[in-house]
Amino acid sequence: MTIRSGCRWLLAVLYAAAGVLHLALPGPFLSIVPPWVPFPASVIALTGLAELAGAAGLAQPFSPALRRAAAWGLAAYALCVWPANVQHMLIDMARPDNGLGLAYHVPRLALQPVLIWWALWAGKITAWPFRSRP
């Protein structure tokens, strides 16, 4: 097993677990949905399904094209949920005790681009900057 395939599997497991949590325990996720998002319960359920589908697509061994599509989907997903992470920080920081605090939220927000890159790299996306050097 290569490092890339190991990272692909790890990412698939993490997204599968997140998908199950979105479906089984939607409450914490509902509490951080920005107010401008319509039908938040449906959005949470759909994000859970998207995570599960992305994890399955990334993990399957039969179709490199499907793995690439799943990688693009998970990268787009990570970008789309960024507002919920910002909303979570705003809600937490407005609490008298600052909730989880900046030590939790700043790294979480800063690592979002890494999560996007990880999905694309794990899916062997060949677009710049992910293409192999000659």
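Leaving aside its neighbours within four places in sequence, which residues is Leu-11 in contact with? I opened the notebook with this question, and I keep in mind throughout that the model is predicted.

**Entry 1**

I looked up Leu-11 and found it in contact with Leu-58, Leu-115, Trp-118, Ala-119 and Ala-122, once the neighbours within four places in sequence are set aside. I then turned to the largest nonpolar core, which has 20 residues, and saw that Leu-11, Tyr-15 and Leu-58 are those with the most contacts inside it. The elements that give two or more residues to this core are α1 (3-24), α3 (40-59), α4 (64-80) and α7 (112-122). I noted beside this that, in soluble globular proteins, nonpolar side chains tend to be buried together.

**Entry 2: aromatic rings**

How many aromatic pairs does a search of the whole structure find? I wrote down two. One of them joins Tyr-15 and Tyr-77 in an edge-to-face arrangement, with 5.9 Å from centre to centre and 75° between the planes. Because Tyr-15 lies in helix α1 and Tyr-77 in helix α4, this pair ties together parts that are 62 residues apart in sequence.

The rings of Trp-117 and Trp-121 are stacked, because their planes stand at 15°, with the centres 5.5 Å apart. These two residues are four apart in helix α7, which means that about one helical turn separates them. Trp-117 is partly exposed, with a relative accessible area of 39%, whereas Trp-121 counts as buried at 19%; I noted that the limit for buried is under 20%.

**Entry 3: charged side chains**

I searched next for salt bridges, and the structure holds two. In one, the side chains of Arg-95 and Asp-92 meet at 3.9 Å, taken from N to O. In the other, Arg-95 is joined to Asp-97, and the closest N and O atoms there are 3.1 Å apart.

**Entry 4: a patch on the surface**

Which residues form a nonpolar patch on the surface? I found Leu-23, Leu-46 and Leu-49, which together have about 280 Å² of accessible area. I followed up Leu-46, whose place is in helix α3, and recorded it as exposed, with a relative accessible area of 56%.

**Entry 5: backbone angles**

Before looking at phi, I reminded myself that most residues other than glycine have a negative value. Phe-39 is not a glycine, yet its phi is positive, at about 50°. I located Phe-39 in the loop between α2 (27-30) and α3, where it counts as exposed at 66% relative accessibility. Asn-98, which is not a glycine either, has a positive phi of about 65°. I found Asn-98 in the loop between α5 (82-94) and α6 (102-110), and at 33% relative accessibility it counts as partly exposed.

Definitions and conventions. Residues numbered from 1 in each chain as written. Predicted model: local features only at pLDDT ≥ 70, side-chain atom pairs only at ≥ 80, totals over all residues. Heavy atoms only, no water. Core = buried A, V, L, I, M, F, W, Y, C linked by side-chain atoms within 4.5 Å. Buried < 20%, exposed > 50% of the residue type's maximum accessible area, 1.4 Å probe, protein only. Contact = heavy atoms within 4.5 Å. Salt bridge = Lys/Arg side-chain N within 4 Å of Asp/Glu carboxyl O. Patch = residues over 30% accessible without salt bridge, like charges linked within 9 Å, V, L, I, M, F, W, Y side chains within 5 Å. Areas by Shrake-Rupley, 256 points an atom, 1.4 Å probe, with all protein chains shown as cover. Phe/Tyr/Trp six-rings, centres within 6.5 Å; stacked < 30°, edge-to-face > 60°.
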